[in-house]
Amino acid sequence: RDVERSRGLGDVYKRQEEHRVNGNLYYIKVTPEGFPPYYLVRETEGGDWIRQDDLKPLVVPQWVIYSW
């Protein structure tokens with residue numbers, strides 16, 4: 001279920017949509033009035049929120065360069 005909220009910050013109004021999966025908050029879509037939307041996505045479980053301009057997955061190479 002999505003929850004939508006609108007609030008004013010100064011002269012800019014933002015619409016926030018919370019997207020949940022099985023009751024867990026997955027990401028928040030923020031749409032400022034007159035600007036493109038952006039997303040707040042958790043970096044890791046219980047971690048910090050990071051801003052993304054789209055929901056394309058960020059692919060980070062995780063190769064082992066050297067091991068001993």
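**Exercise 1. Find out which residues make the nonpolar surface patch of about 560 Å².**

Solution. I65, Y66 and W68 make this patch. Patch members have over 30% relative accessible area and no salt bridge; like charges are joined within 9 Å, and nonpolar side chains (Val, Leu, Ile, Met, Phe, Trp, Tyr) within 5 Å. Areas come from the Shrake-Rupley method with a 1.4 Å probe, and for residues only the protein chains shown count as cover. Now look at Y66: its relative accessibility is 62%, so Y66 counts as exposed (buried is under 20%, exposed over 50%, partly exposed in between, with a 1.4 Å probe and protein chains only).

A word on the model: it is predicted, so local features need pLDDT of at least 70 and side-chain atom pairs pLDDT 80 or more, while totals for chains, interfaces and linings use all residues. Residues are numbered from 1 along each chain as its sequence is written, and side-chain values use heavy atoms, leaving out hydrogens and water.

**Exercise 2. Work through the salt bridges and say how many there are.**

Solution. A salt bridge is a side-chain nitrogen of Lys or Arg within 4 Å of a carboxyl oxygen of Asp or Glu. The count comes to 3.

- Step 1: R15 pairs with E17, with the closest N and O atoms 3.6 Å apart. R15 is partly exposed at 36%, whereas E17 is buried at 11%.
- Step 2: R20 meets E18 at 3.2 Å, N to O. R20 is partly exposed at 36%, and E18 is buried at 10%.
- Step 3: R51 meets D53 at 3.6 Å, N to O. Both R51 and D53 are exposed.
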